[in-house]
Amino acid sequence: MSLSRVAIAMDIGGTNLRYAVVDENAKILAKGVQQTSESDGKEAVIERILDSAKLAVSWAETKPIAIGLALASPVDPVTGVMQMPPNILSLKGYSLNNDLHESTGLPIFAANDATLAALSEYKFGLQNAVSNMVYLTLSTGVGGGQIIDGKIHNGSRGFAAEWGHLTLDFNGNPCNCGSTGCFETYCSGPSIVRLAKEILSETSTKSTLTQHLNNLTPLNIASAARQGDRFSIELWDRIGSYLGVALSVILNTLDPDVIVIGGGVSSALDLMMKAARQEIKVRALYPYDNDIPVVSAKLGDDAGLIGAAALAFDNIN
Ligand SMILES: [Zn+2]
């Protein structure tokens, strides 16, 4: 029996550097994780990435076909340059491709991490069952990716599908991107916590969350809502309305078969969808009725790694 082909996948974010050996069926055969810290400086971060790649290559029983990189930044689709990594700013304008190729001898392919999560949800969550798909991750930030006619769409400069920076209110709160009132400033985990704290500390609203004001998380706000806390239920309705406005814009501009929503905050998707549906019914041009094409992601935290490996396999085939 011949051994199946394997790729090295690396998911490089602002907090963690994850690396794995992955086969063509998206099975993770071995994986490791290290912390990345901006304070270590650019050279140390790059050295850690190169060392991790060599370690992952040493785990593979057959020679890997390539290395796929999922990067927390818009990525130039040709050069692999990280255009704007918000949490690893020292790597802005840098491409890992040459250094990684020199140290491992393998071909290197890189793309945005949410784009590659989209690819993995498309191939292994939806089993290629549709042609056009949008992926949103509601997490520390709001990221996005899109599949058009079965292929990832990066845009000309790697900035496509940055739905997190869709303006919902041009007089809204400042966003990390420099704009104001972005979708991310309403529906990311930190934004939801900030809004809950603002309302609870500035009003006499009653909530079971009041006693946990210093350790609020989207998860415990969701848990309070499920236990009937009126404030938390209404807060998720409000967040769901913002989500619904953003989803309506996506539906009206891209007309995807389906929008897949992942990231930690998506565990509260059921709490948001009633209000989101109402917005979509009003704002979307297509009459979706009760068949609004929004579903939860299936692959969880490994979506970036699996997508990075899929990118490698797609380019070598
Ligand atoms: Zn923004």
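Predicted model: local features only at pLDDT ≥ 70, side-chain atom pairs only at ≥ 80, totals over all residues.
1. Two strands are said to pair if DSSP finds at least two bridges between them. This criterion applies to the point at which I147 has I152, in strand β8, as its bridge partner.

2. Overall make-up. The secondary structure of the chain consists of nine helices and ten strands. Along the principal axes, the C-alpha atoms occupy a box of roughly 60 × 45 × 35 Å.

3. Burial and contacts across the chain. Of the 317 residues, 43% count as buried. When contacts between residues at least 6 apart in sequence are considered, 63% of them join residues at least 24 apart.

4. Strands β6 and β7. Strand β6 covers residues 133-138 and pairs with β7 in the antiparallel sense, over six bridges. Within this pairing, L136 has G144 of β7 as its bridge partner.

5. Strands β7 and β8. Strand β8, residues 151-152, is also paired with β7 in the antiparallel sense, here over two bridges. The two strands form a hairpin with two residues between them. In the turn, D149 has a positive phi of about 50°.

6. Is strand β7 largely enclosed or largely open? Six of the seven residues in this strand, which spans residues 142-148, are buried, so β7 is largely enclosed by the rest of the structure.

7. Position and burial of L247. This residue belongs to helix α7, which runs over residues 230-254. A residue counts as buried when 20 or more other C-beta atoms lie within 10 Å of its own. L247 has 27 such atoms within 10 Å and is therefore buried.

8. Neighbours of L247. Which residues does L247 contact once its neighbours within four places in sequence are left aside? They are I259, A276, I280 and V294. A further relation concerns R277, which is 30 residues from L247 along the chain. The C-alpha atoms of L247 and R277 are separated by 9.4 Å.

Note on methods:
Residues numbered from 1 in each chain as written. Helix = DSSP H or I, 4+ residues; strand = E, 2+ residues; numbered from the N terminus. Buried ≥ 20, exposed ≤ 12 C-beta atoms within 10 Å, placed from the backbone. Contact = placed C-beta atoms within 7 Å.
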